[in-house]
Amino acid sequence: MNNLTFDDINNAQFKLYENNPVIRNFGGSFNAADPSVLTPEQSHDGLWHLFCHTFFGVYRLDSKDGISFGKAVKIVPRAMRPNINRINGRYYLFYERTLPLLGNALSLIGGKWKSEIYVTESADLENWTEPRLVIGKTRDFEADSRGQSISNPFLIKTGESCRLYYSCGLTYIKDCGFCEPTYISFAESKNITDSYISREKPIISPDKNDPYLNLCSGCIKVYRLKDCYIGLQNGIFEKEGKSHSAIMLLRSDNGAIFDFVKVLLTPQMCGENDWMAQYVYACCLTYHDNRLRIYFNARNTSDIIKGRECIGFCEAQL
């Protein structure tokens, strides 16, 4: 992304892929969510690699074109919201580590939620190291009466340092029956996998006067461009008595203070397909063959029984 400018992104005309979603929920889970993608240039084997989560853990799916994906391979259980990186020829998979499945279920009926950010490493995307803790709770705003949540990791390099953006806190979304992240913050370290120090205050908080951020903050993915930073954030908001999520484009000079630019992607019907009718969630921006793609997961309805989350993308030719 370092060769692209803000105008390149801001002027890009993104169009939804006509055969979305490209990954439907699988393996007995209601969700396939939070895509993190390696392009052929970023992988050792020239393939696309997409990481996502279901109720049962984080999975990897491979593809020759970034559209038709093969069988899902589980990487880690008790895991969600992955972020894959390749740095100096080595892969680093950050993710939100949750309680065991029973603990997660109990959190929906009054039990305490607990999650932290872990990392596992690999040289070949097949063999992975023992996961280890990267960021746990260190700030009061990262927990409340419902438990603690450190989630949605996203790593960028800033000179000689590493910056790990993350979501935290828990806001109950009444019509969904589950919580979404309240705040967005980041931590910094000289090392990729340890010694991170979190900011004392969040960088993004909910704003009741913001039409796209009036419930909670969701998550952010941050990219360093030639002339600035950009953030792709999916805020959670209430409109006409229902909750929704949309992907917004933000701009920053330092990666810490962001300004709203515009909405990139909103919930909508795709013909008769309602797969993204109520929520457009976490995303990943890729650049390959002079094309930008935003992979994202979406949800058809807030109904906890009927709701399904799948993954698709939109694309822009530069």
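Biologist: Which residues does S63 touch, not counting those up to four places away in sequence?

Modeller: This is a predicted model, where local features need pLDDT of at least 70, side-chain atom pairs count only at pLDDT 80 or more, and totals for chains, interfaces and linings use all residues. Residues are numbered from 1 along each chain as its sequence is written, and side-chain values use heavy atoms, with hydrogens and water left out. Contact here means heavy atoms within 4.5 Å. With residues up to four places away in sequence set aside, S63 touches L47, W48, S68 and F69.

Biologist: Is S63 buried or exposed?

Modeller: S63 sits in strand β4 (residues 57-63); strands are DSSP runs of E, at least two residues, numbered from the N terminus. Buried means under 20% relative accessible area, exposed over 50%, and partly exposed in between (1.4 Å probe, protein chains only). The relative accessible area of S63 is 3%, so S63 is buried.

Biologist: Which backbone oxygen lies 2.8 Å from a polar atom of the side chain of S63?

Modeller: A polar contact is a pair of N or O atoms within 3.5 Å; within protein, one must be able to donate a hydrogen and the other to accept it, and residues adjacent in sequence count only if both atoms are side-chain atoms. The side chain of S63 reaches the backbone nitrogen of I67 at 3.4 Å. The backbone oxygen lying 2.8 Å from a polar atom of that side chain belongs to S68.

Biologist: How many disulfides are there?

Modeller: A disulfide is a pair of cysteine sulfur atoms within 2.5 Å. The sulfur of C176 is 9.5 Å from the closest cysteine sulfur, in C216, so that pair is too far for a bond. Likewise, the sulfur of C270 is 11 Å from its closest cysteine sulfur, in C314, too far for a bond. By this rule the count is 0 disulfides.

Biologist: Is C270 buried or partly exposed?

Modeller: For C176, relative accessibility is 2%, so C176 counts as buried. For C270, relative accessibility is 29%, and therefore C270 counts as partly exposed.

Biologist: What separates the C-alpha atoms of K157 and R224?

Modeller: K157 lies in strand β11, and K157 is partly exposed, with a relative accessible area of 42%. Along the chain, K157 and R224 are 67 residues apart, yet the separation of their C-alpha atoms is 8.7 Å.

Technical notes
Helix = DSSP H or I, 4+ residues; strand = E, 2+ residues; numbered from the N terminus.
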